[in-house]
Amino acid sequence: MNKACNSISANISYGTQQKKYRLRNLKEHIAEGLLLLCAFLAVISLLIIATYIFYSGVPIFGKVGFKEIVFGMVWKPLEGSFGIFPMIAASLLATLGSVAFGATVGLMTAVFLAELSPLWLSKIVRPAIELLAGIPSVVYGFFGLIVIVPLIDKYCGGGGNSLLAAIMILGIMILPTIVSISETSLRAVPVEYKEGSLALGASQLQTIFKVTIPAAKSGIAAGIILGMGRAIGETMAVILVIGNTPQLPGSLLDRARTLTSNIAIEMSYAQGLHQEALFATGVVLFVFIMILNIVLTTIFRKAGEEK
Amino acid sequence: MNNTQIKISTKNLNLYYGDNHAVKNINIRIEEKKVTALIGPSGCGKSTFLKTLNRMNDLIPYVRITGDVYFEDLDVYKDYDIVELRKRIGMVFQKPNPFPMSIYDNVAYGPRTHGIKAKEILDEIVKSSLEKAALWEEVKDRLKQNALGLSGGQQQRLCIARVLAVEPEVILMDEPTSALDPLATLKIEDLVHELRNNYTIIIVTHNMQQAARISDQTAFFLHGEVVEYGPTKKIFRVPEDKRTEDYITGRFG
Amino acid sequence: MKKRKIKETIQKAVIWLCAFITVAALAWIVIYIIANGLAHLNPDFIFSEYKGGKNGILPMILSTVYVVLLSVIIAAPIGVGAALYLVEYAKPGKLLYLVRFATETLAGIPSIIYGLFGFIFFVTILKFSFSLLSGALTLSIMVLPTVIRTTEEALKCVPVSYREGSLALGATKFQTIRGVVLPSAIPGVLTAVILSIGRIVGETAAVYLTAGMVTRFPGSMMDSGRTLSVHLYVLAKEGISFEEAFATAAILIITVALINLATNKAAGRLKRSFTSQDN
């Protein structure tokens, strides 16, 4: 009897229940759709950015010629020569130089933090490196301008504004990136590896150089490549110390101009073909970054497979 | 007077994790307002089976289910709205999992989710739920404090109160005392004893004594199958199957 | 045997030396700039305008604050939404891979490219001209990967048992996210926002090409404005005043130090809120 009543009232409310569920499910779908849209905005942004940079920068390669731009030695945009080879060379040299410094010092600092440092000392060093990572690049540039450039001028001559100054500033700037990523991957090396080596009678340092560092090599490589990306993309700090003359640097003490500084310096007044040439500079930079990114994802995928 | 009704029943229920056949051909009828204990060695499928009843396995990818589960004569996987189903079949987990919010908000979470906003009503629900879960006296002066500050046993009773607050008809308990000390365990057992008057309870347990103490019906699971199912007294005194006897007398470990 | 000992001593010395170089470089930069900057850091400099014989940086501070607020208002909801989708809804597959690839790539793009893009898209095509809005839109895309990744990490830390508990009570998936998952991950979202603020405050190239460098008080978000970093750049590049440059640089470093402190606090809170239950 009781049950019969229940089922009747259940039947009556069944229709309204269904409506309620449908409304609720609709809400759920809308919410999911909105979140999906948010996730997709990242993809859309990347597409728009790539499209506009390439759309604005590629046509000039057709008008002036790919070879004339990428391998051209003379940058005189108002006279119609748009050679950016000196800038490409300067960017690559500055990046390689700073990475050579940053990778060595950075990796050793990471080894220090992960393996040798007493606890109290890492408690000081680690926040210090975090601070180093957060300092705006323009502050590094200012420091370079006011301290490094005069020092170079004093001891090496040549005015101080130079490729060397840029390398030093960039080298310090990319340290935090390399240190923190390398340290993380050094710490991720399983203790068993180290114990195995130590148990065979290897010393602590032998273990670090023969076992720990090789085991962490993908992470370390990733840190170095991220550092490279930072160095090649840095603009303001470099402008302040490199001298900005669009010439092929013959020595470390020569003035030079990187791809990034070329864009930042001339964008504010460039018109027409000149502006297009600056976008072309951006395209070349973009391509370099994409190559680095592909290398990076390959490394990460490899690291993933190893695990 | 024997007017027991069947609350939940399954028909040829199978569950696969990928290729692993975890639950095999279960046919079981669970009676209303009784305590049913599911016992068996680890990995025998009893927890997995429990989670098919309120469709918690839906969360896990690669799970495939065949056969039927009926809740009051309607198919759990076809006829019910999943939210409505879970509202009516509550669940208490192995490890107490209060939300990282106040005691009050933990209990009020369910009713709020289901659209109750009035403060007086919520207050009333929180109080009565905590009372039913035998926790009210211990926490009534600190309802605004974070639930993570409670002891393990209190947390578990809070989780039970949280389930009671949405007024379910069935409560599934997945080894609710395995993470608790003996004293806290006893309190939960007393609580189950109280709740059986108003709720249908299905409890998974490793603890033989617990099953014997609190349940009316017992099902013995082995390798994903139900070996024996019947009144608890009978299962523990005169089991029909040799394997049940072996397990209960401790020869399975 | 002895030879090996000598070799090890040298290796150890090199490692210590490198660590010393890292710390010394930092100490040198920070101390040098703060020491020189403090001399010029007075209320008159901080709280006055940049005109009529006054060289105050209040307009730049305000522009910076506006750009930060606008960017965070744009980037935070989108970034958190994206992270929620990636962690709570997305199934492994092409879509997830595509979004991952896009965020990784966005994270790697140099800020000058963002500047170029903002200049052509927001300033020129959408006709927002050099304005705080153009700057903020550009920067919000730039910090999006940071917000997404940091929030993702925080969401992954939320125990599955919270989600199970909520779903078992009959909450829907989105109710569970809103009611339990997101509130538990708030410290992580906070970390994401603070990290983004740090990047925005420190950014020069992208702002310089999109928000302009006017030293007036910005009246609305369609006005052009100069952030502190751009101000420092102009002061140093044009050699206007090294004293002011020092003071501005000092302010930037102090801001960054405070931001780092706040980040560590927020991250610590995230950790604590999930560990306290295991007692």
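Reply: From the N terminus on, the elements of chain C run α-α-α-α-α-α-α-α-α-α-α-α, where helices (H or I, at least four residues) and strands (E, at least two) are DSSP runs, numbered from the N terminus. This is a predicted model, in which local features need pLDDT of at least 70 and side-chain atom pairs count only at pLDDT 80 or more, while totals for chains, interfaces and linings use all residues. Residues are numbered from 1 along each chain as its sequence is written, chains are lettered from A and ligands numbered from 1 in the order in which they are written, and side-chain values use heavy atoms, with hydrogens and water left out.

Me: What percentage of the residues in chain C is buried?
Reply: A residue is taken as buried under 20% relative accessible area, as exposed over 50%, and as partly exposed in between (1.4 Å probe, protein chains only). Chain C has 279 residues, and the buried share of them is 57%.

Me: Why are Glu131(B) and Lys127(B) separated by about one helical turn, and at what N to O distance do their side chains meet?
Reply: Both residues belong to helix 4 (residues 119-132) of chain B, and because they are 4 residues apart there, about one helical turn separates them. Glu131(B) is partly exposed at 40% relative accessibility, and Lys127(B) is also partly exposed, at 32%. Their side chains form a salt bridge (a side-chain nitrogen of Lys or Arg within 4 Å of a carboxyl oxygen of Asp or Glu), with an N to O distance of 3.1 Å.

Me: Is Asp246(B), which meets Lys242(B) in a salt bridge, buried or exposed?
Reply: Asp246(B) and Lys242(B) lie 4 residues apart in helix 10 (residues 242-248) of chain B, and their salt bridge has an N to O distance of 3.0 Å. With a relative accessible area of 16%, Asp246(B) is buried.

Me: Which residue forms a salt bridge with Lys51(C)?
Reply: Lys51(C) counts as exposed, at 57% relative accessibility. Its partner is partly exposed at 32%, and the closest N and O atoms of the pair are 3.5 Å apart. That partner is Glu49(C).
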